[in-house]
Each structure stands twice: as structure tokens, then as C-alpha cells.
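Please consult the sequence and the coordinates alongside the text.

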Amino acid sequence: MTAGSEVAQASGNALPPSIVHQIRTALEDFSEHLLALAVSLGGGAAALVLRDHDREWVIVSGGDSHFLAELEGQNPETVCRLPVYESSPEVWLCVRQKTPGLENVQALCARHIARSFPVADGSGVASQLHRLDRRIRRMAEAAEMGFFRCNLTRRLLFGDERFAQIWGLPPELLMQGLSLEDAYACLHPDDRAAYESVAEDELREEGTFEFRFRIVVSHAQGPTMVRHLLIRGWRDDDRPGHDDLCSVGVVMDVSNASAVAEALRSSEAFTHLLLSSSPDCIHILDMDGCIRFINAGGIEAMELDSPIILHGVPWADLWRGQARIMATQAVKTALGGEAGRFQGYANTMRGNRRFWDVAVTPIFGEDGDVQRLLATGRDLTEVNQSSLRLQLALDAGAIAGTWMWDDNSSLVIGDTRLAETLGLDAKALEQGVPVTAFYAAIEQEDQGRVAAAITNALHTGGRCDFEFRVHTPAGPQWFEGNGRCDLTEDGRPLRFPGIVLDIDHSKRQALRQAALVELGDRLRALENADEMEGVAAQILCRELSVSCAAYGTVDEAGTGLLIGAMRTVTLGSGSHVQRQASIRGFHAFRDYGDYGPLLARGRTVAISDVRLDTLTLKRVERFETLNIRALLNVPLFKFGRLVGVMCVYSTVPHVWTEEEIVFTRAVADRTHAAMRQAKTQQELREMNVMLEERIRQRTRERDRLWTIAKDLFVIISRSGHYMAVSPSWLRALGYTQEGLIGLRIEALCHPDDQAGGCEAFDRVRHSTPWSDVALDVRMKHRNGTWRLYNWNFNNEGDTIYGVGRDVTERNDLEEQLRQSQKMEAVGQLTGGLAHDFNNLLAGIGGSLELLETRLTQGRTIGLDRYITASQDAVRRAASLTHRLLAFSRRQPLDPVPTDVNGLVSGLETLLRGSVGPLVSIQFDLQPGIWTTRVDANQLENAVLNLCINARDAMRESSGTIRIVSANTSLGSVASHEAGVPVGDYVLLKVEDNGCGMAEETLQRAFDPFFTTKPLGTFS
């Protein structure tokens, strides 16, 4: 707080400065807490001003620092002056705004000033003090306010009489001092924990506190009450010589204000809940007709993303066309104090067109003037559409009439449509006809069911539904009655309205659909084609209300029908009975008119009267013989050929509808399919019987083969154990079937063959078929000897089948054959060796003889030639020896990198000398031939032998030998044919134009020392 100086001064007598100082000192000692209360109640600024004549002094001020400048400017709009002391000198309380609570502050300040001023006489002061005290008490009582003083150090609370009343405590107790713990005990338990220590902390830190809390007041003669209090306190620092923490303040009972505020909040919450829960679209409009509020139901109905979208928008702009004009007029009517109503279409924010029933009513203020407008719109789109649909249904004939059932008078009242439907007099029905007349108009079979439904509704109330038929010139027609009976509180019928719907089309479709289901169920239970034809004919007669139906089979030539089973029904009653003659037998198409070709082309023939149709007019007498006036024939095809016709006949003229034709075709198709399926199943049964007989025969044959076969048959599990063996095991190896079951497959195998046998079985078990691979295994005979068996196995899933054949004798014969072949090979080898060595010895001997002759003659020139010839023969002999060793010991060849062209070129002299002058040799060697790894000696011998064989093949005449070399790459096909891997190779080819070789000679052409020459022939 700040104490100001003089704010205004004028001429005249001035108040002595000592008096001003005394008043200021007295007020400053007391007014700190009162001024704080005035600041909080007076708009944030307050000041006490002393005025004498034309001069003013600011005694104390607080709050906004700019308030002193406003006081100096004497601005009545920003400064409110409240009189505190009206004697001379005057004291004023200046604040920003006047509030009801400031009256208490005025009274307290006036009381203190009256006691503090040394001026004025004693009696006047006493009288004024008494009036002020009385005023303060009345204001405190009126404001439900009490004063207190608290010593927080000593934990004592003092209060006046009004404080005691508010707190519900004895006044004398508060005058003596109440402990704070007892005062806190009166607080509501929820508030005590929140405020017990917080008030003391704020008083120490800020010097003031203010709280709202509740206390629990108990009365001996009354119920316990809860009061809402507002307390404001200030720290009392004006007591010199005391270090205790003290406070002074006021407490006000605000229970009534809290109750009013709670009621106001409840009312607002209820209003908000009411507006939010309403499904109607509610708008609050200002006086200009603009939208200021829209409820939650309106947001949903108008499909708004946010209500802000329509805030401030003219409500009439939501409408278009004639509806906008009506909306504008409704707003004007409401502004005039009356309610305006209209109905019209308006689009939502998402463009959906809705039909609204709108009421615009005024909202009046306290003075009776219109303050706002309430526009309530109800979405009647579904109701409006239902009304339109109802009218359209009435106009279209879907509703066959409406009725009102009057149970009190036992009359039925209906409209014109109902009279036409039931065949009743329209005027009589409008006035009401007896219920017996209503029942009599219904088919007799349906009367009991309809009467039971209506009687039940009259007793129990609620919805009433029933179906019935009415006989019309076109035949029985189906209708449905829908009504609702409302009962009074004592259970008597109040209203029973209803409508009659024409359901003939849908009902017949439903009945025919049910008939098709029935047909399918009955056909599935049959196996005979004649019975199926009879069921189909029976259902057609019943559903189409005809006299006869039958299925006819077309003959192979397509000239007519053979009708077997047929069904007939009797139509009519009394003397008008029409009976159908039998149509069983064969009927040629040409005997009944010209519609046979139409059936052959797949067209349905529907004739309403055979006497009038051009297709049957020439053959009317045939139809009259069978008593047929109308016919319907549906053709059936199989693989493009007409095989059957479903026939429907009537003894009276009949116009066949599209629904009847579709139903007949459906029956025909289902029947034909069932007959085909039955035939197929019959064929399958016959085939199954035949197959079963064949299986039994094959089983007998297999069992016979299993029993008499000499080979060993065995069935093995996937674990490798014998499951079944043939009787041949006993004959071949001496083991019984019982002794073998459960043994492992390798149990009887030779130890050296067990590993191979187990490996082969594993391949079979893992689904690798090897039935075409022979596996030779030595099996132990019961007498201890070993027999060689060739086994073949086949994997069949859970089991493995095996067949073993004894090949012991066969192997012996093969060994003898191989020995004989060896002897033959030795003989051939001997002849070939003799031939080759004779040639070598002739070369050596001839050279030695020539050498000896030259030496005898003393001729030494040219001897080296004979010596070289002898050495070449020796080298060839060494090569021959090498080949003999390779053949006898099966030693590998010695391949080295070789230039094939160079090797062949080096043999040219030898080859030309070997083949003689009658045979010419041509060399076609490809340049740049690849170097290849080959045994050079073997290749030379092979080329030499090929050329000599070619020469011998051309001995009868002269010929040509052609030697060709080339680089080549073999693919997968060529390499497979040659029996070599895929890759790059050098091709060396010897060709001649001789007689060639036989196939068996070609297979051994490259064997060492093989020759086709007779023994003794060596050149």
C-alpha cells in the first residue's frame, strides 16, 4: 500500500497538518486488511480519501498504481466514490466498481474513523458509533458474515457472535478462544485434508488467504447440516511487542449461493442433455434469422463435420425453391410472436435430399419481447417415402384393399378395392358387412385358418397375418391379410385395421419353388425311370391345375413319342367333371399337327386351344378323342438330338403364362437329368458288378500264380521285415511261411551281399523305383548251401513287393559260355599272332638275307637301308609285345598329347606300301587340328589295321581309301549316341568304297588281334 500526498488543493481554510497526520496514522494502523478486501471487491483498486472543503488527501491506497492518476482526473466513469464518514472532515472509499460486499467495508471503516477522530463532541461521537455498530450488525446478519481473529502460534481462534452462529458453536467459547484443532474438526473430511495446512502456509508466504470450504454443523434438535463458507484472512502485523503469527478476517455463509449455482448448473446440464438427446434438428436463431446454435441431433441429421460450418449462416439459406419461401415466411411469423410451420425438402451438407417437418417458435425475454427463435425440424423422409410407396402400391394394384374390423358390431368395413377382391358389394362393404360374408368370400379350405388368426388377434392383440385364396374367373388367386389389433386396458379390442395384398404371383412362385425342392427330394429316392416320370407328371398336374401330364421318349427316327407313365387329376365338381383319357402308347408327331419340326428345333410349343391354333387345327379330331383342349410340350435334348418331351394337357382352354412354361421346363430338366443320372448309376452298378467279377477272377489268378510259381514272391514292410511269402520258398529254400514272417530282409543273405541288399532296399523305400534293375543276391538254403537269386522290387506305398528268381544254373552256364569264348579268343589270338609275327620275321629275315648277299658280294654301299628295315621290324615286334601285355593284363593305355595330322602323315609311306598299287589313298587333313591325348602306338595300329581291312574289302577291284581329320564338338544327343561325355573332340575317319562289314564284325573291329582272315592267311 502507498500513502499518497495531497491530490487537490484550493483556497480557503485548510485542515491543520497535525490533524491530517493524526487521522492518517489512525487509519493506517487499521485499514491495511480492509483495504485489501476493498481492492478484491472493488475491481482491483481502492483508496481512502480525506476531504475538507475544497482539498483532498489520499490516506491509503492499494491495487493498480494507475488508480491515483484516475483519482486526480476526477473521471466518474472509472472512479466510484462511496461515503464512509460524512461529518467534517469527510472520508470517501474510492474503487473502480461498486459491488454488494463493499457495504461491509464501508461500515467497518466508518466505525473505526468515528472512534479515531479527535474532533466532534463526545455525545455526537457516541451516538454515531452506536448507529455504526447497529449498521454493521445488520449488514453482517444480512450478508451472513462474521469476523474472526486467530493466533496461529498459540493455536487459538476468536470470533464474534455472528461467526459463532455460522460455525455452529457457542459464542462464549469463541470469546474465550477455541483451539484450532477443534475448529478444524468441524470441517468436512474431504476439505480438511485440502485446507488444514495450506491456509497457514499462504498466510506466512503471501500475508493473505481465501478459500471456499464446507463445515458440518450438528444440532441437538435438528438434522446435521453442511454449510458452504467463504473465508478471507490477512496477517495481523500491527501488534507491537508480539512475535506470534496472527491473522484477522471475515467468513461468509455462501450456502444459498452455492445451492443456486448448483441448481443453475443442473438446469444447464439438463437443458444440454435434453438438446443433445433429441433426434430432431434444433437451431437457435438470432433476430436476423442467422444460426447461433445447433444441437447434436441436428449435427447428425444435417451430416455436419462441425457445427461451426453453419454458425452465422442465414437459416433460410438452407432451403431451396418453394421451401425457401416457406422458411422465410415462418421466420417472419415467429418474429411476430407466433409459431410458423411448414414441410419441405432440404439437402444435407453431403448432398442427401431429406424431407423435413419444421416448426419455428419465438423465445421471449423477461419483458415479453422476442429475444431468439427456436427452429425445430423433424426428418420425415422415411415416413414421406412410405406414404408415397403406399399410394403407389394402391395405384399399381399391389394392395388389394383395406379393412377395419369392428368386433363390437361384428362388422367388417372395407374400401372399393377390397370389395372388388372379395366379390362383395362396394357400398355395403363401406357401411360394414357381417364377418360371415367376409369368410364366405374366401376358399372353404382357408376359412378355418383365417378365422383362427383373426380370433387370436382379437383376444391377444398385436400383429395379425394370414394367407387365403379367393376364387376368381381366372381360377383361385392368393392374397395376404396384414393387420394390427390394439386393445384397451381391460383387454377389449379398440382398433383393428388392416390391408389385403395381392401375393398371387409371389405365392405361386414360392409354391412352385417348393414343388421343385419336393421333386428333387423324391427323385433322389427313386432309381426307376418310370417312377421318376410319374412323380414329375403328378407335381405338374397339381401345381398347374391341369388334367394330365406325362413324359414321352422320342424314337430313334425322331418321328414320335412313346409315353409310358402318366398322371391325371379330376377338375371341377358335380355334373361338370372333365376326365382325361389315357394317352399311353406311341404317338406320331404328324398325327397331331404341324408342331413336330418346332420341337426338333428346340422350341417350346404352347397351344391354348387346339381348335383355334393353326398348328393343330387340321388334327382336332385326334385331340378330341383324347379329350385335350390345350397342350404344352417342352423338348429335351441330349448331344444335340431330341430325346424326350415333357407333355402337359388340359381338358379346357388354357392360356399358358411365362411362369408356367418356365416351371414346366424346370421340372422337365430336373426329371431328365435325374433319369440320365439314374441310367448312369445303373450302368455304373452293372459295371461295378462286372469289375468285381473281374477282380475276383484276377484275384484267383494271382492267388494261383502265387501258389504255383517257382519264383520267390515276398511282401515286405517299410521297416524291412517279411510280411508275407509265397509257398515257393518252401520248395526252393526249405523255409516255411511261418518261419519267415517277421525276419529282416538281410537275414538270409550272404554276408558279402547284405550291404548291397540293404542299400537297394533303402532306394526302394524312398520311392525310387528300380524294378527294371536286377539285383543278384546269394540266399542261404535251409541245408546250408547258397543259391544265387536275381531280385526285382516295386514300391507300393506302405508295402514293398519283391520277386526273386533262382539264377544259380544260369550263372554256371554263362561261366561255361565265357570259358568257351575265351578258348575261341585264344585261337583267334594265336592265328593273329602267327600272322603278325610271320610278317615281322619275314621283314627281318629278308633284310638279313639281302645284307648277307651284299656282304658276300663285297658290296657295302646301301647296307644301312637293310639294317634300318630290320630295326623297324624289331620295333613293330616290340609294339606287338606291348599290345599282348595290355590285352593279357588289362593294363591301361599310355595317352600323351599327340598331333593327329602329323601321326597320320608319318604313316603315309607305310600305308601306301601296305595297301599296294591298286588302291589309292587320299588324305583330307584339316589344318590347325587340335592336339589330343591318345596312345600313339594304338592309334597307328588302328589306322594301319583299318587301311589293311579296307584293302582286303576291295581285293576284287581297285578302290580308294580316304583318311579325314577334323575338329568337332559333341552335344548331348551326339555324345549320347557315341557313348562319350559332352565336349570337344578330334575326329579321325577312314573311309573306303569296299564291301563293308557285317554287324557282328563291326562290334569287334577294334579288339586287339581280332581278324576275319582264315588261319594261314597272313598278308
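The sections below treat the chain as a whole, then its sheets, and then its ring contacts.

## Basis and overall composition

The model is predicted: local features need pLDDT of at least 70, side-chain atom pairs count only at pLDDT 80 or more, and totals for chains, interfaces and linings use all residues. Residues are numbered from 1 along each chain as its sequence is written, and side-chain values use heavy atoms, with hydrogens and water left out.

The protein chain holds 32 helices and 39 strands. Both kinds of element are DSSP runs numbered from the N terminus: helices are H or I with at least four residues, and strands are E with at least two. Of its 1019 residues, 38% count as buried, where buried means under 20% relative accessible area, exposed means over 50%, and partly exposed lies in between (1.4 Å probe, protein chains only). The accessible surface comes to about 57,500 Å², and carbon and sulfur atoms account for 53% of that area; the areas come from the Shrake-Rupley method with a 1.4 Å probe, and for residues only the protein chains shown count as cover. Among contacts between residues at least 6 apart in sequence, 52% join residues at least 24 apart, a contact being heavy atoms within 4.5 Å.

## The five-stranded open sheet

An open sheet is built from five strands in the order β31-β30-β34-β33-β32, with antiparallel pairing. The strands at its edges are β31 (722-725) and β32 (775-780); each has a single partner strand, so one side of each is left without a neighbour in the sheet. From one strand to the next, the twist averages 35 degrees. Axes are lines fitted to C-alpha atoms, for helices over the stretch in contact, and angles run from 0 to 180 degrees between N-to-C directions.

Helix α22 (residues 658-708) packs on this sheet and touches β30 (712-717) and β31. The direction of α22 makes about 110 degrees with that of β30.

Asp753 is located in helix α25 (residues 751-765). Its relative accessibility is 15%, and Asp753 therefore counts as buried. Leaving aside residues up to four places away in sequence, Asp753 touches Val777 and Arg778.

## Further antiparallel pairs

In general, strands of a sheet pair through backbone hydrogen bonds, either parallel or antiparallel. Here two strands are taken to pair if DSSP finds at least two bridges between them.

| Strand pair | Bridges | Facing residues |
|---|---|---|
| β9 (residues 208-217) and β10 (residues 225-235) | 10 bridges | Phe211 and Ile231 |
| β10 and β11 (residues 246-253) | Seven bridges | Leu229 and Asp253 |
| β20 (residues 462-472) and β21 (residues 475-487) | 11 bridges | Gly462 and Cys485 |
| β21 and β23 (residues 497-502) | Five bridges | Asn482 and Ile499 |
| β21 and β22 (residues 493-495) | Two bridges | Leu487 and Pro493 |

Strand β21 is joined to β20 by a hairpin through two residues. The hairpin of β21 and β22 has five residues between the strands, and within this hairpin Gly491 takes a positive phi near 85 degrees.

## Aromatic rings and charges over rings

A search of the whole structure finds 22 aromatic pairs. Rings of Phe, Tyr and Trp (its six-membered ring) pair if their centres lie within 6.5 Å; planes under 30 degrees apart count as stacked, over 60 as edge-to-face, and the rest as tilted.

One of these pairs is formed by Trp405 and Tyr439, which is tilted, at 6.2 Å centre to centre and with 50 degrees between the planes. The pair links distant parts of the chain, 34 residues apart: Trp405 lies in strand β17 (residues 399-406) and Tyr439 in helix α16 (residues 435-440). Both Trp405 and Tyr439 are buried. Ring pairs also draw Trp403, Phe438 and Phe496 into a cluster with Trp405 and Tyr439.

Two charged side chains lie over ring faces. Lys507 lies over Trp478 at 4.9 Å from the ring centre, and Arg622 lies over Tyr592 at 5.1 Å from the ring centre. The criterion is that NZ of Lys or CZ of Arg is within 6 Å of the ring centre and within 35 degrees of the ring normal.
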